[in-house]
Amino acid sequence: MGRKKYRILRRFFVLFTMSVSVVIFPCGIIKAEGRNMVFEQDYVMRLIKEMVRAFLKLLFQIDTESPTVELLENKEEKETLEHLLDMIDDGKINEAENRLYDLIREADVSSLEIALLFYSCLNDKTDDFLEANDFGREEIKSGLENVVDRFGLSSIAKMFLADF
């Protein structure tokens, strides 16, 4: 088998196995008194986490459970992401996201990596923190969809978000 075919099959297998945990229980929602919303939020968190992991693995050969700033090798990219994450911690999530969109206008691969790590870190925030800063899981999902669409990767993202 040619080397290119092998890499394509290998990437498909990685993507498939990473998405199995999301696909096996597609509803992710248990109808129980007052708990419906909690399970929906957990489901959205898992979708976002697995989608970010898949993109990092396929595009950057990074396989990690907890994506962090340390994954960036370029000092300037690290500083950019750290600044955006500081803005999030200060409660300026919408402003940080706007700066991220300015950054990805160039549509270069390094800005995609920064964007994926940005949304991964934002996804790790608690629901209380997000709510206190007028942000929600739906906005994280939507922002991530916008980013991958800008890079022509929306068809892959739809595999993760099709049931949601």
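1. Among contacts in the protein between residues at least 6 apart in sequence, what percentage join residues at least 24 apart? The figure is 63%. Keep in mind that this is a predicted model.

2. On the overall build: the protein has 8 helices and 0 strands, so the pattern along the sequence reads α-α-α-α-α-α-α-α. Of the 164 residues, 39% are buried. The accessible surface is about 9,800 Å², and carbon and sulfur atoms account for 51% of that.

3. Now to one helix pair. Helix α5 (residues 109-123) packs against helix α7 (residues 137-150) at an angle of about 170 degrees, and their axes sit 10 Å apart. Because angles over 145 degrees count as roughly antiparallel, α5 is roughly antiparallel to α7.

4. Who touches whom here? On the α5 side you'll find Leu112, Ala115, Leu116, Tyr119, Leu122 and Asn123, and they meet Arg137, Ile140, Gly143, Leu144 and Val147 of α7. Sorted by class, this contact has 8 nonpolar, 2 polar and 1 charged residues.

5. Asn123 deserves a look of its own. This residue of α5 has a relative accessible area of 3%, and because that is under 20%, Asn123 counts as buried.

6. What lies 3.1 Å from a polar atom of the Asn123 side chain? It's the backbone oxygen of Met45. Setting aside neighbours within four places in sequence, Asn123 is in contact with Met45, Ile48, Lys49, Arg137 and Ile140.

Definitions and conventions. Residues are numbered from 1 along each chain as its sequence is written. This is a predicted model: local features need pLDDT of at least 70, side-chain atom pairs count only at pLDDT 80 or more; totals for chains, interfaces and linings use all residues. Side-chain values use heavy atoms; hydrogens and water are left out. Helices (H or I, at least four residues) and strands (E, at least two) are DSSP runs, numbered from the N terminus. Buried means under 20% relative accessible area, exposed over 50%, partly exposed in between (1.4 Å probe, protein chains only). A polar contact is a pair of N or O atoms within 3.5 Å; within protein, one must be able to donate a hydrogen and the other to accept it, and residues adjacent in sequence count only if both atoms are side-chain atoms. Contact means heavy atoms within 4.5 Å. Accessible areas come from the Shrake-Rupley method with a 1.4 Å probe; for residues, only the protein chains shown count as cover. Axes are lines fitted to C-alpha atoms, for helices over the stretch in contact, and angles run from 0 to 180 degrees between N-to-C directions. Angles under 35 degrees count as roughly parallel, over 145 as roughly antiparallel, 65 to 115 as roughly perpendicular and the rest as oblique. Ala, Val, Leu, Ile, Met, Phe, Trp, Tyr, Cys and Pro count as nonpolar, Asp, Glu, Lys and Arg as charged, and the others, Gly among them, as polar.
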